[in-house]
Amino acid sequence: MNKFFGLLAAMALGILLASTPVLSAEFSADMVFQPKGEDSMIVKVYVKGNKMRQEATEEGERQIVIIRADKKISWMIDPEEKKYIEMPYEEEGNLFEEWTQEKQKNAKFIADDHVAGLQSKKYEVTEDGQKVTVWISTKYSFPIKVEDPEAIVEYKNIKDGPVDDALFELPAGYEKIVMPAMPEPSETDQ
């Protein structure tokens, strides 16, 4: 189960980068997560409106994250153990969200570019004092590539088309793991 939590920690960045609804988009893609100075990880992504599924395999173990913005929850699933963890969905602070006129006004246009075979516009934004570069395709209204000081996340092999609703449901017969709550700091701890 330790590998499970290690992989889920790595996928957590994917959740932060990819958990806001993308309106009516329906597609599958490979999300390539490349931490600076480390090996990359490829995560298969399925999107249908405000639902997302991420699948990754590390050292032969398959892990799944299902994000249900419509239900305000996310599930981290271990298919081998038939167990899952349920977490609240948090909408704020995510980069994989609709690129609006407001965001564009607060971004510095860098250049026209091509990413994942798509015509894109490259912008620089400042997030929490750090410069983040985003590539917005002219086809989709969300970042298809994001680069910050820690990592690069890029969507490749994007395939438009119907995605089965069953991919976004919790599998039957899985056991819910309840994580112990972190203790509140006491006055003596401060």
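Asp30 is buried, with a relative accessible area of 17%; buried means under 20% relative accessible area, exposed over 50%, and partly exposed in between (1.4 Å probe, protein chains only). The model is predicted: local features need pLDDT of at least 70, side-chain atom pairs count only at pLDDT 80 or more, and totals for chains, interfaces and linings use all residues. Residues are numbered from 1 along each chain as its sequence is written, and side-chain values use heavy atoms, with hydrogens and water left out.

Asp30 belongs to strand β1, which spans residues 26-35. Strands (E, at least two residues) and helices (H or I, at least four) are DSSP runs, numbered from the N terminus. When residues up to four places away in sequence are not counted, Asp30 touches Ile42, Val43, Lys44, Glu154, Tyr155, Lys156 and Asn157; contact here means heavy atoms within 4.5 Å. With Asn157, the side chain of Asp30 also makes a polar contact of 2.6 Å. A polar contact is a pair of N or O atoms within 3.5 Å; within protein, one must be able to donate a hydrogen and the other to accept it, and residues adjacent in sequence count only if both atoms are side-chain atoms.

## Salt bridges and their exposure

The structure holds 14 salt bridges, each defined as a side-chain nitrogen of Lys or Arg within 4 Å of a carboxyl oxygen of Asp or Glu. One of them pairs Arg62 with Glu55, the closest N and O atoms being 3.5 Å apart. Arg62 is partly exposed, at a relative accessible area of 37%, whereas Glu55 is buried at 15% relative accessibility.

Another salt bridge joins Lys131 to Glu124, with 3.7 Å between the closest N and O atoms. Lys131 is exposed, at 56% relative accessibility, while Glu124 is partly exposed, with a relative accessible area of 23%. Salt bridges that share partners also link Glu26, Lys48, Lys51 and Asp165 into one network.

Lys176 and Glu86 form a salt bridge in which the closest N and O atoms are 3.7 Å apart. This pair connects distant parts of the chain: Lys176 lies in strand β12 (residues 175-177) and Glu86 in strand β6 (residues 83-88), 90 residues apart.

Lys176 is partly exposed, with a relative accessible area of 42%. Glu86 also counts as partly exposed, at 34% relative accessibility.
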